[in-house]
2 protein chains.
Amino acid sequence: METFDFLIVGAGCAGASGAMYASRLNLKSVMYGEMPGGLITTTHLVENWPGEKSISGPDLAMQLVDHATSFGVEMKNEKVTEIKQAEISDQSKTAGFIVKTASNEIKAKTVLIATGTKHRKMNVPGEDELANKGVSYCALCDGAFFKEKTVCIVGGSDSAAKEALLLTEHAKKVYIFARSTLHPEPINMDRVKKNDKIEVREGTKIKEIIGKDKVEKVILESGEEIEMDGVFIAIGHIPLSGLAEKLGVELNDHKEIKINRHSETNIPGVYAAGDVGDSEFKQAITGSAEAVTAAYYAFEYINNNEIVFE
Amino acid sequence: METFDFLIVGAGCAGASGAMYASRLNLKSVMYGEMPGGLITTTHLVENWPGEKSISGPDLAMQLVDHATSFGVEMKNEKVTEIKQAEISDQSKTAGFIVKTASNEIKAKTVLIATGTKHRKMNVPGEDELANKGVSYCALCDGAFFKEKTVCIVGGSDSAAKEALLLTEHAKKVYIFARSTLHPEPINMDRVKKNDKIEVREGTKIKEIIGKDKVEKVILESGEEIEMDGVFIAIGHIPLSGLAEKLGVELNDHKEIKINRHSETNIPGVYAAGDVGDSEFKQAITGSAEAVTAAYYAFEYINNNEIVFE
């Protein structure tokens, strides 16, 4: 069974950045990802990766992954199915981890979980077909592309309200379609009410998004049709923390992995970074920094502990 | 008096990244820096900025600063001399900050302190007297003046090793004098070991630097004298936290600014990021992420408080 110093689950911005640093620290590293490049590969243009004025999501992801592999990190396009701590006989030593994939079993002295999230979808016709053609899951990423346009936010949460407010800095008109009610923090509710560009429609659901090469209109469940340039879906993310939870890693109420400023979880030797973690403000750059930090503390941990597997 | 939403002190990697994000959040932002690009501009090659396999320090810094100014951030090459909280009459409101520069006074709703560090000195006879006459704190800046000469690096860190490697491109002989041990990143340790021009002396301290118009030799604490043309000092950094301290920002024992995961200091509305902060593991990427995070929480803070100046 092959042994790695640093095994990364997830091959997005965070995973790749952590892998790159780990390999510079001479940690034998491997990166497992079912979606090479991660969720950012679904983003049309990234304008907020510091130093890159404008780059496509896939290109940014590829640069990060290339950087890691150029230092010798192995990249495996394979699903990790289980991580468990090895059962060891000598309790004065430190137990490593046994990682199972679809086809293999590997030993890892430390593990970085950078599995990210998936967008919660509305599951209506047009949503998948017009993704990146006006349908977006990130107002901060894509809002600036809708200068003087008409857009809508789908969702009723505080995040939805905040995304709507953010969009008013670009768009001329912003609908909020909340399935039940709009229920943000009171202060954000006030701001929404005071903002002339925003029209709130509660008890409203989109039935279909219509457009050929880009979003043209939405059809509501009431049958009403509204001209629309952009549909921002803010009904939440689902953290991909199942593997971590089974291992015993502590999650918060949103099923995000709890980490500290060292990117450490409650289990020594297990780190988390990026969108699957519990940082409130999640960006590509912050996730990368968390992973880089994880690599450094994994290096320290490996140097300070005698890690064994049986 | 002009009012800014987000005033950044420091124009290095952290400051520029925070400025870029702030401007994307439509915060009116200005960046004050005496050293545009910051300390990374004294670094020959950066190989660990995720996505950039190899870039010079000045080029990376310029990319980050350009990114910020492309979104309209103003960049001022001027020293900030004081930051103080405004004295306000209505205590139900929130006091902004009055920022003094050499020539001006500005109002700022929030402040990001990203002032970085300066080089630490050895404090031995000859060091000040021979500064710029063979004594240097920047191999990148001054290395080329020592073609086919004998030089030494003082220090045991990864930076010290990298500076030594850089100097071998010019000098015929490079000593590394490490007070205790040489302990760079493993990849750089390998490079040092393989380089015939480098001689590592651990447990070694310089007692005095001798020279008339230029460095001629060094005297070690052992009494040994070594002919020397250049002395490069790489023994660490002193946080530039004086402005923050005067404002009442809490520092740790190393005089670094204490921050939390939101990059908040103990004073609401004042943030810190990068090398001046108290993160143990400091890298360009982690400082940038801290600054980006600061920009976001400054945006939230401005939205949640009525900030006034009198």
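Me: How does A:Asn26 count by its relative accessibility?
Reply: A:Asn26 counts as partly exposed because its relative accessibility is 41%. By the cut-offs, buried means under 20% relative accessible area, exposed means over 50%, and partly exposed lies in between, with a 1.4 Å probe and protein chains only.

Me: What kind of model is this, and how are residues and chains labelled?
Reply: This is a predicted model, in which local features need pLDDT of at least 70 and side-chain atom pairs count only at pLDDT 80 or more, while totals for chains, interfaces and linings use all residues. Residues are numbered from 1 along each chain as its sequence is written, chains are lettered from A and ligands numbered from 1 in the order in which they are written, and side-chain values use heavy atoms, with hydrogens and water left out.

Me: What pLDDT does chain A average?
Reply: The average for chain A is 94, and 100% of the residues score at least 70. Here pLDDT is the predictor's confidence in each residue, from 0 to 100. The model scores are ipTM 0.83 and pTM 0.83.

Me: Back to A:Asn26, then. Where is it found?
Reply: A:Asn26 is in the loop between H1 and strand S2 (29-32) of chain A. Helices (H or I, at least four residues) and strands (E, at least two) are DSSP runs, numbered from the N terminus. The phi of A:Asn26 is near 60°, a positive value in a residue other than glycine.

Me: What about the phi of A:Lys255?
Reply: A:Lys255 also has a positive phi, about 70°, although it is not a glycine. A:Lys255 lies in the loop between H6 and strand S20 (270-272) of chain A and is partly exposed, with a relative accessible area of 40%.

Me: What does A:Ser241 touch?
Reply: Not counting residues up to four places away in sequence, A:Ser241 touches A:Leu251, A:Lys255, A:Ile257 and A:Val276. Contact means heavy atoms within 4.5 Å. A:Ser241 sits in the loop between strand S19 (237-239) and helix H6 (242-247) of chain A, and it counts as buried because its relative accessible area is 4%.

Me: New topic: at what angle do the axes of H1(A) and H7(A) cross?
Reply: They cross at roughly 35° and come within 7 Å. Axes are lines fitted to C-alpha atoms, for helices over the stretch in contact, and angles run from 0 to 180 degrees between N-to-C directions. H1(A) passes H7(A) in a right-handed crossing. A crossing is right-handed if the near helix is turned clockwise from the far one by less than a right angle, and left-handed if anticlockwise.

Me: And which residues meet there?
Reply: A:Cys13, A:Ala14, A:Ser17, A:Gly18, A:Tyr21 and A:Ala22 in H1(A) meet A:Ala284, A:Gly287, A:Ser288, A:Ala291, A:Val292 and A:Ala295 in H7(A). By class, this contact has eight nonpolar, four polar and no charged residues. Ala, Val, Leu, Ile, Met, Phe, Trp, Tyr, Cys and Pro count as nonpolar, Asp, Glu, Lys and Arg as charged, and the others, Gly among them, as polar.

Me: How far apart are the axes of H4 and H5 of chain A?
Reply: Their axes are 10 Å apart, and the helices pack at an angle of about 40°. H4(A) passes H5(A) in a left-handed crossing. A:Asp158, A:Ala161, A:Lys162 and A:Leu165 in H4(A) meet A:Asn188, A:Arg191 and A:Val192 in H5(A). These residues divide into three nonpolar, one polar and three charged.

Me: Where is the place of A:Arg24?
Reply: A:Arg24 is in helix H1 of chain A, and it counts as buried because its relative accessibility is 2%. Its contacts beyond four places in sequence include B:Glu47, B:Glu185 and B:Pro186. The side chain of A:Arg24 makes a polar contact with the side chain of B:Glu47, at 3.1 Å. A polar contact is a pair of N or O atoms within 3.5 Å; within protein, one must be able to donate a hydrogen and the other to accept it, and residues adjacent in sequence count only if both atoms are side-chain atoms.

Me: Which residues of helix H5 of chain B are buried?
Reply: In that helix, residues 186-194, the residues B:Pro186, B:Ile187, B:Asn188 and B:Val192 are buried. What covers them includes helix H1 (13-24) and helix H7 (284-304) of chain A, together with helix H4 (158-167), strand S13 (173-178) and strand S14 (198-202) of chain B.
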